Amino acid sequence: MGSLFEELEAREAAARERVEELEAELADLTGQLEEAREGLERLRIARETVAEVMGEMSADATATPEEESEADAVVDEEASSPYAGAERQVVGVLAVPK
């Protein structure tokens, strides 16, 4: 009978060790998940900020066409460019990681 109890104790110790390993792994994965969520939130905020700025820029560009034509005339007089008088408009932004 002694060997049966010893076997159960050995299995219990192995199960306890496995539980501790899984708890440590869970804590590590929970930390990684939190970091990934923070990165996602930062990217979402950045996207919204860029969209807001782009919207304001295009609203400013369409709101004052008289001021822009006067500014273009001054620029045309100062420097001759093959693109002089061409409408300049920001179409989009592409951010590429290093």
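How many residues apart in helix H1 are glutamate 21 and arginine 18? They are three residues apart, which means a separation of about one helical turn. Their side chains meet in a salt bridge, at 3.7 Å from N to O; the term covers a side-chain nitrogen of Lys or Arg within 4 Å of a carboxyl oxygen of Asp or Glu. Glutamate 21 is partly exposed at 42% relative accessible area, and arginine 18 is partly exposed at 47%. Buried means under 20%, exposed over 50%, and partly exposed in between (1.4 Å probe, protein chains only).

The model is predicted: local features need pLDDT of at least 70, side-chain atom pairs count only at pLDDT 80 or more, and totals for chains, interfaces and linings use all residues. Residues are numbered from 1 along each chain as its sequence is written, and side-chain values use heavy atoms, with hydrogens and water left out.

The structure holds five salt bridges. One of them pairs glutamate 41 with arginine 44 at 2.4 Å, N to O; these two are three residues apart in helix H1. Arginine 44 also bridges to glutamate 48, with the closest N and O atoms 2.6 Å apart, and here the spacing is four residues, again about one helical turn. Glutamate 41 (36%) is partly exposed, as are arginine 44 (31%) and glutamate 48 (37%).

Leucine 4 also lies in helix H1, residues 2–63; helices are DSSP runs (H or I, at least four residues) numbered from the N terminus. Leucine 4 is partly exposed at 48%.
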